[in-house]
Amino acid sequence: MINLLPQIEKNRLAKNKRYRLILILGIIFLFFLISFSLILFLVKIHIFSLSENQKILTDIKKEEFKASDVQQVENKIKTANLNFSKLDSFYSQRDSWTGILEKISEIKPQNIYFTGLSSSLFSPSKETKEEKQYRFQMTISGYSPDRESLLEFRENLKKEKIFGEVYFPSSTLVKSSDINFNLTLKIK
């Protein structure tokens, strides 16, 4: 094809072609810039929403953590209170024990010797109606040189009001001398 256009017209067409090319490239570049800014804006919104979600989750976790801390502290306080009440009951009974032991040693004849002593508290779940009046039970083992001293000791124990039941096995009263005995007391 032969180009018969004059040089001025050729220059104008080339100028228009460059102008359109620059215009198209400018529009594409402008579209790219607008798209890039929109993408950056969407990324910013997405990151902001994620950070807000994380803030909400951390606030919830902090509240749960505080609640669990409070629960742990309450459990520790309950355990400590339970231990203190056990200690208090132990120390309040300590005076009772010393008084009971003093009373037993006062009424015991001089020639009787104790070789063993054990005691147990009555547990409320296992108590029968008759045992509710008793606080604890004591078992004493010992030695008596003769039956008369042992019978005197048994009568002295029965006379005291703090001892509810005094139980001597009948086998201990069979021998007349050198008696190893066991007795059980229920204490009010």
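1. A starting point for reading this predicted model is Phe-114, which counts as partly exposed because its relative accessibility is 33%, a value that lies between the 20% under which a residue is buried and the 50% over which a residue is exposed. Phe-153, by contrast, is buried, with a relative accessible area of 0%.

2. These two residues form an aromatic pair of the tilted kind, with 5.8 Å from centre to centre and 50 degrees between the planes. Phe-114 belongs to strand E1 while Phe-153 belongs to helix H2 (residues 147-159), so the pair ties together parts of the protein that are 39 residues apart in sequence.

3. The count of aromatic pairs in the model comes to three.

4. Helix H1 covers residues 7-107, and Phe-32 has its place within that run. Phe-36 counts as partly exposed, because its relative accessibility is 42%. Phe-32 and Phe-36 also belong, together with Phe-29, Leu-33 and Leu-40, to a nonpolar patch on the surface, whose residues have about 510 Å² of accessible area together.

5. For the overall architecture, a reader new to the structure may note that the protein has two helices and four strands, and that from the N terminus on these elements follow the order α-β-β-α-β-β.

6. Turning to the strand pairing, strand E1 (residues 113-121) and strand E2 (residues 136-146) run antiparallel and are joined by eight bridges; one point of reference here is Ser-120, whose bridge partner in E2 is Gln-137. Strand E2 also pairs with strand E4 (residues 177-187), again in the antiparallel sense, over 10 bridges, and in this pairing Ser-141 has Asn-182 in E4 as its bridge partner.

7. Some totals complete the note. Of the 188 residues in the protein, 18% are buried. The protein exposes about 14800 Å², of which carbon and sulfur atoms supply 62%.

Technical notes:
Residues numbered from 1 in each chain as written. Predicted model: local features only at pLDDT ≥ 70, side-chain atom pairs only at ≥ 80, totals over all residues. Heavy atoms only, no water. Patch = residues over 30% accessible without salt bridge, like charges linked within 9 Å, V, L, I, M, F, W, Y side chains within 5 Å. Areas by Shrake-Rupley, 256 points an atom, 1.4 Å probe, with all protein chains shown as cover. Salt bridge = Lys/Arg side-chain N within 4 Å of Asp/Glu carboxyl O. Buried < 20%, exposed > 50% of the residue type's maximum accessible area, 1.4 Å probe, protein only. Pairing = 2+ DSSP bridges. Phe/Tyr/Trp six-rings, centres within 6.5 Å; stacked < 30°, edge-to-face > 60°.
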